[in-house]
Each structure stands twice: as C-alpha cells, then as structure tokens.
Amino acid sequence: MKSAKRQSYLLLKQFLPMSASDMVMALGDPIIVFVLAGLPNGTLYLAAFALGKGVAVFFESPIISILPTSNTMAGQAKVRQLLLCFVLLLGGGLTVAMLLIGSFIGIPALFQISQPVWDSALLIILLLCPWPLAIALRRFWQGKIIRAGFSGLIAKGSVLRCLLLAVTAFAISAVTSRGEWVAAGALLAGVFGELLFIRYKANKIVLDEVTPHYSLPTNLSEMGRYYWPLAQSMLSLWGARLLLPFLVAATGELFIAVWVAGWALVISMSNGVRMVQQLVIRNVDYVARQQLCYFSLWVGTAFSFILFLIAVTPWGQAFCRYYGGSQLLGDNISNVILAACLLPLLMSLQNYLQGLLMVKSLTNTIGRSALIANCLMVLGAVFFTQQGYHPYWIALVVSVATIVEVCLLAFYLKASEQSQPNKLFFSSKSTNL
C-alpha cells in the first residue's frame with residue numbers, strides 16, 4: 001500500500017483532468033447567458049433559453065449512459081458495431097421527438113408561460129433538434145477513446161467545444177439580435193466541432209479484441225433491454241430538473257432570468273465534482289475507503305467555498321452584476337448562489353456513495369434514492385413557485401433534496417455492508433493506482 005500522501009497525489013492527478021473536462025464543457029451555458037443578457041430583450045431570451053435548453057437536455061438524458069456502455073463494449077468489434085446501430089436509432093428517434101414537441105400547443109397555458117417566451121423557446125427547440133443524435137454519437141466514440149486509455153483527448157475535445165461555442169455566440173450576436181439563433185447556433189457549433197474531433201481521433205485507434213466475462217447483447221432487442229434501466233434512471237433525474245425552469249417561469253420573467261443565470265453558475269461549479277464517482281469506482285480496491293471519503297469531502301468543500309466567495313465577497317457580487325447585465329439581476333443572482341453554495345459538497349458525497357453502490361451492483365438503490373429525492377424536489381418547487389417566492393427558495397429545495405438523497409444512499413450502503421462485510425468489490429486487479 002502506497003503512503004497516504006502519495007495516494008492523495010495520484011488521486012488528484014487522476015481527478016484534475018477529468019474534472020477540468022466537465023467544467024470546461026459546463027462553461028458553455030454561462031457564456032451563452034452572458035451574450036444573451038447583453039442583447040435587446042435579453043430577459044426574454046434568457047427565459048426562452050432556460051426552457052429551450054431544458055427541453056434539449058431532457059431529450060439528451062436517455063443517451064447520457066451511452067458513454068459507460070460504449071466503454072464497456074468497446075473491446076469487441078461486433079458488439080461495438082451493434083451499439084453504433086442502436087445509438088443511431090436512439091439518437092435519431094429522439095431528434096424526431098424534439099421536432100414533434102411543437103405540437104404540444106397547450107404547454108404555455110399549462111405552466112403559465114407567456115406566449116412570447118414560449119414562441120422564442122420553441123424556435124430554440126426546433127433549431128436544436130439534431131442535438132440528441134450529435135451527443136449520442138459523441139459519447140459512443142468517447143467510450144472507445146477512454147477504453148483505449150487516451151482520456152486526455154476527451155479534455156481536448158471539451159476545450160475545442162467551448163471555444164467554438166464562444167466564438168460562434170459572439171459572431172452571431174454581432175450580425176443579429178435574435179437570441180434564439182445565438183443560443184442554438186453556439187450550442188450546435190460546439191457539439192458538432194467536438195464530435196468531428198472525437199470521431200477523427202477515435203478512428204485512428206485500433207483496440208485489441210477481449211473476451212468478456214459476462215454475456216453482452218447480440219441483437220438490437222437485447223441491446224434495448226440492456227440499456228433501458230440506464231436510460232430510465234437518467235430520465236427521472238433530468239425530468240425533475242426540466243420542470244424547475246418551467247415552474248419558476250410562472251413567477252415572471254425577472255425570476256426565471258435570475259434562476260437560469262444563477263443556476264448556470266451553480267451547476268457549472270457543481271459539475272466539477274461529478275468525476276468523483278469515476279475516481280471511486282476505479283480506485284476502490286487500491287485506496288482505503290476512509291481516504292476516498294476524505295478526498296471527496298475535500299474536493300466538494302473546495303468547490304462550495306468558491307461559490308460562497310462569489311456570493312458574499314464584494315468582487316464576487318461585482319462579477320454577478322457584470323454577468324447579469326444589471327445591478328437588479330446581479331444582486332438576485334448572488335442570493336441564488338448563496339442558497340445553493342453547499343451543492344458541490346453534497347454532490348461530491350452523492351457521487352462517492354453512488355460509486356461504492358455501483359461497484360456492488362446495487363444500482364436499484366441508486367434509482368430508488370434518486371426517485372424519492374427528485375419527487376421531493378418537484379413538490380417543494382411547486383409549493384414555493386405557487387406562493388410566488390424568490391428563486392433562492394428553489395435553490396434551497398434542491399439542496400435539501402440532495403441531502404435526503406445522500407442520507408438514503410448512505411443508509412443503503414450501510415445495510416449492504418452489514419450483509420457482506422469486508423468483501424472486495426472486484427474479483428481481479430488489472431490496474432494499479
């Protein structure tokens with residue numbers, strides 16, 4: 001066993017590139033928010049962007065697990081080819097579904113959304129219809145690259161995506177003041193540029209064939225049955241998050257603009273801890289559980305402290321006013337960030353516990369915990385938005401729901417360890433820390 005300091009250094013060395021990749025990718029929304037806030041009718045476009053991007057992310061949610069699935073199956077050419085066919089069908093189907101969303105003409109009345117905001121959001125949704133297919137194909141090729149051990153290429157792809165998004169957003173805003181074209185054009189330019197880069201790099205990689213220790217799908221029907229539980233878990237999570245901007249939109253354009261701008265910063269910072277889960281899964285047999293837990297706490301605390309500084313320090317509040325385009329919007333954004341500043345710490349613990357449960361194949365407990373927490377989140381958001389409360393109450397609801405989920409995950413982990421104490425997670429050790 002390596003020394004604790006040496007292990008901590010190696011964990012940090014693994015974590016930083018993965019975290020940087022997620023954070024760079026998450027910068028896209030704040031960049032678009034910044035550009036939209038500076039346009040005429042910026043508040044309307046911010047509200048429309050929150051709804052349009054929320055719908056696009058909801059349709060993306062079933063394909064989020066394509067990445068680990070591709071990573072798992074990348075070692076066998078026939079299964080990989082079958083998965084590619086499945087990805088094309090799934091991504092294509094979701095693209096068609098986004099086109100059909102326009103038929104739901106009752107949505108504005110159902111959520112009390114103003115017609116101008118919905119008309120603008122609908123145009124963003126229609127322009128973004130290729131989004132699910134592009135994301136699905138990108139995740140498929142990323143899985144092959146990760147399997148080959150070239151994770152650095154994933155980070156380079158994220159940087160390229162962010163640069164293309166920023167350049168496109170500013171370029172389009174220079175020729176038109178229509179926020180729909182700015183938002184959708186920037187998002188599509190970024191993701192398609194990244195897809196071409198990842199596809200080019202993945203094609204140059206030749207993987208050795210490996211023999212699986214478990215049965216893998218041999219046709220599309222089996223692939224669908226294999227993948228459905230993974231898609232179902234992501235649908236419940238992102239479905240709940242999609243409802244939040246719709247609910248906040250009923251309280252008026254100012255509050256939805258505050259929510260989308262504040263939440264974009266909060267979730268960008270929180271995304272920095274998502275890879276804690278991958279770190280735990282990879283190192284659970286090589287590093288003491290206590291050290292992995294301390295590492296998760298340290299990482300989460302660091303990201304939460306940054307959000308706290310942005311919310312309460314004079315330079316942080318000045319940044320919020322500059323970012324929001326006005327003192328009114330900036331001061332309200334600071335309140336939302338302060339209410340949600342513990343979220344990175346909570347999400348770090350959440351990912352730590354989920355990683356331990358996943359390697360125990362207790363994925364049903366993860367889904368159960370997420371469903372309870374997400375239902376609580378939606379019920380709380382419905383109550384506070386119907387009362388017309390400020391969006392920082394919604395941020396508090398999200399934090400409380402995450403605390404509940406962390407407690408449930410810890411309970412299920414504790415219960416599993418009482419039935420199988422001191423059991424290794426993997427039957428063999430093919431890699432070292």
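Mentor: Begin with α3: 17 of its 19 residues are buried, so the helix is largely enclosed by the rest of the structure. Buried means under 20% relative accessible area, exposed over 50%, and partly exposed in between, with a 1.4 Å probe and protein chains only. Helices (H or I, at least four residues) and strands (E, at least two) are DSSP runs numbered from the N terminus. This is a predicted model, in which local features need pLDDT of at least 70 and side-chain atom pairs count only at pLDDT 80 or more, while totals for chains, interfaces and linings use all residues. Residues are numbered from 1 along each chain as its sequence is written, and side-chain values use heavy atoms, leaving out hydrogens and water.

Trainee: How many helices and strands does the protein chain have?

Mentor: The protein chain has 19 helices and 0 strands. Of its 433 residues, 53% count as buried.

Trainee: How are two packed helices described?

Mentor: By the angle between their axes and the distance between the axes. Axes are lines fitted to C-alpha atoms, for helices over the stretch in contact, and angles run from 0 to 180 degrees between N-to-C directions. α3 and α10 (residues 179-203) pack at about 40°, with axes 10 Å apart. The two are therefore oblique; angles under 35 degrees count as roughly parallel, over 145 as roughly antiparallel, 65 to 115 as roughly perpendicular, and the rest as oblique. Y45, F49 and K53 of α3 make the contact (heavy atoms within 4.5 Å) with G179, E180, A183 and L187 of α10.

Trainee: At what angle do α3 and α12 cross?

Mentor: At roughly 60°, and their axes come within 8 Å. That makes α3 oblique to α12. On the α3 side, T43, L44, L46, A47, F49 and A50 meet E253, L254, I256, A257 and V260 in α12.

Trainee: Which residues have the most contacts inside the largest nonpolar core?

Mentor: A nonpolar core is a set of buried Ala, Val, Leu, Ile, Met, Phe, Trp, Tyr and Cys residues joined through side-chain atoms within 4.5 Å. The largest one has 131 residues, and those with the most contacts inside it are I32, L36, F49, L128, W259 and I337. Helix α12 (residues 253-270) supplies the largest share, 13 residues.
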